[in-house]
Amino acid sequence: ALLAAATGAFAESSALEEPALEPGFNSHYMDPDVERWLRVFESQGREIFDQRQGIVQASGVRPGMAVADLGAGTGLFAILVARAVGPAGKVYAVDISPGFVEAIEKRAADYRLSNLTPVVNDPKQTGLPPASVDLVFLCDTYHHFEYPGAMLDSISNALRQGGELVVIDFRRDPGVSSPWVGSHVRANLAEVVAEIEAAGFVLVETQDFLREISYLRFRKQG
């Protein structure tokens, strides 16, 4: 009862939420030069790209699972996860950028992946059906949420009972993080965990195989 009351209050407050980011923070993704972003996101030396196989393995995707890659960008992880869940599984490649989603759809067709569904969402909603996925995967995405409360509420709604949320994002540690991370990422690790737990999730795992990036796994409660 206490959990239901807390999550209900969270959902109500998220509906009235003020933007967490400066206006235009994500505007450069809305009509993207996809080839340029492929070079940025999928290049040797970028830790997320170099560790992509380890990230997928750590996320626990298995054949037959339904997974949403939220903030899918160029589709790097959506493609890898679609292969990991196999023909019996399903992957939703979700992004607020129609240009990215169109490019992912073409990429999936080129790779002959019939288990990948592209979805254009908005800053407050995943665009996914209720109780449709076992896992929501966020990589380099959480700090781009303009309305984290509303989006977390929507993620919870899309997850099945006991479903999980994996968050992989830059650590904002003053004196440790790069100046770019310090100016670009709005919340530190403790703040991120507190926000997600307030939305009705419990932190069940952390891993430290990434140098500059946090790996967090949460489970939906209630």
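The model is predicted, and local features need pLDDT of at least 70, side-chain atom pairs count only at pLDDT 80 or more, and totals for chains, interfaces and linings use all residues. Residues are numbered from 1 along each chain as its sequence is written, and side-chain values use heavy atoms, with hydrogens and water left out.

**Exercise 1.** Determine how many cavities of 30 Å³ or more the structure holds, and describe the lining of the largest cavity.

Solution. A cavity is a set of points, on a 1 Å grid over the protein atoms alone, where a 1.4 Å probe fits but cannot get out, and its lining residues have an atom within 4 Å of a point. Volume is the space filled by probe spheres set on the points, which are joined across faces, edges and corners. With these terms, the structure holds two cavities of 30 Å³ or more, and the largest has about 460 Å³ of space. This largest cavity is lined by 28 residues, with Gly71, Gly73, Asp95, Asp140 and Thr141 closest to its centre. Next, assign elements, taken as DSSP runs numbered from the N terminus (helices H or I, at least four residues; strands E, at least two): strand E1 (66-70), helix H5 (76-85) and strand E2 (90-95) each supply at least two residues of the lining.

**Exercise 2.** Characterise the second largest cavity by its volume and its lining.

Solution. The volume of the second largest cavity is about 130 Å³. Among its 15 lining residues, those nearest the centre are Asp169, Phe170, Ala187, Asn188 and Val192. Two or more lining residues come from each of strand E5 (159-170), helix H9 (189-198) and strand E7 (213-220), and E5 gives the most, with three residues.

**Exercise 3.** Identify which residues touch the most other members of the largest nonpolar core, and list the contacts of Leu116 beyond its sequence neighbours.

Solution. A nonpolar core joins buried Ala, Val, Leu, Ile, Met, Phe, Trp, Tyr and Cys residues through side-chain atoms within 4.5 Å, where buried means under 20% relative accessible area with a 1.4 Å probe and protein chains only. The largest core has 33 residues, of which Val67, Phe77, Leu116, Phe137 and Ile168 touch the most other members. H5 gives the most to this core, with eight residues. Leaving aside neighbours within four places in sequence, Leu116 is in contact (heavy atoms within 4.5 Å) with Ala78, Ile79, Ala82, Val91, Ala93, Ile104 and Ala108. Another core, of 27 residues, lies apart from the largest one and includes Ala68, Val94, Val119 and Val167.

Terms used. 1 Å grid on protein atoms, 1.4 Å probe; cavity = no way out; pocket = protein on both sides within 12 Å on 5 of 7 lines; lining within 4 Å. Buried < 20%, exposed > 50% of the residue type's maximum accessible area, 1.4 Å probe, protein only.
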